[in-house]
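This report covers the ligand shell, one residue in it, and the chain as a whole. Please view the structure first.

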Amino acid sequence: MAEPAGAVRVRPALLVDAVSKSFGGVNALESVSCHIEAGSTLGIIGPNGAGKSTLINVVSGLYRPDRGRVLLGGMTSPRRHWIGVPVRDSCALFSRPASSTA
Ligand SMILES: Nc1ncnc2c1ncn2[C@@H]1O[C@H](COP(=O)(O)OP(=O)(O)OP(=O)(O)O)[C@@H](O)[C@H]1O
Ligand SMILES: [Mg+2]
């Protein structure tokens, strides 16, 4: 669908786009999408086994998704270009210049 004239496209700081992750026969995440703006906090709630920790671990880069993508600042970021810090089911993301060699 065409965007209305004058519409401003805001690129989310973090975009989770149709991410799926399975462990054997268990579909922990099935086409999960969400986004978050810079400086904001997103809470994830759900029953035991819903996939909350798996989502955090995919976002942080600890797990590689089977399908879908995680974009940070609009880019699919190799781990060396950013840091994700999962701590007890929370994850803080800090962007890093693409030229960084660490
Ligand atoms: N490393 C793993 N190997 C096999 N199965 C896993 C693994 N990690 C998670 N699972 C399975 O994936 C599903 C989602 O688990 P996950 O830990 O992400 O849920 P959760 O929402 O964090 O649950 P909880 O509220 O208990 O912390 C569950 O069925 C779980 O058993
Ligand atoms: Mg958990």
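## Shell around ligand 1

β2 and α1 each give at least two residues to the shell around ligand 1. Three residues come from α1, the largest share. Helices (H or I, at least four residues) and strands (E, at least two) are DSSP runs, numbered from the N terminus. The model is predicted: local features need pLDDT of at least 70, side-chain atom pairs count only at pLDDT 80 or more, and totals for chains, interfaces and linings use all residues.

Around ligand 1 stand Phe23, Val26, Ala28, Gly46, Asn48, Gly49, Ala50, Gly51, Lys52, Ser53 and Thr54. Each has its C-beta atom, placed from the backbone, within 6 Å of the ligand. By class, four are nonpolar, six polar and one charged. Ala, Val, Leu, Ile, Met, Phe, Trp, Tyr, Cys and Pro count as nonpolar, Asp, Glu, Lys and Arg as charged, and the others, Gly among them, as polar.

## Gly49

Gly49 sits in the loop between β2 (26-36) and α1 (52-60). Gly49 counts as exposed because it has 10 C-beta neighbours inside 10 Å.

Ala28 lies 21 residues from Gly49 in sequence. Their C-alpha atoms are 7.6 Å apart.

## Chain

The chain has one helix and six strands. Their order from the N terminus is β-β-α-β-β-β-β. Of its 102 residues, 19% count as buried. Residues are numbered from 1 along each chain as its sequence is written, while chains are lettered from A and ligands numbered from 1 in the order in which they are written.

Conventions: Buried ≥ 20, exposed ≤ 12 C-beta atoms within 10 Å, placed from the backbone.
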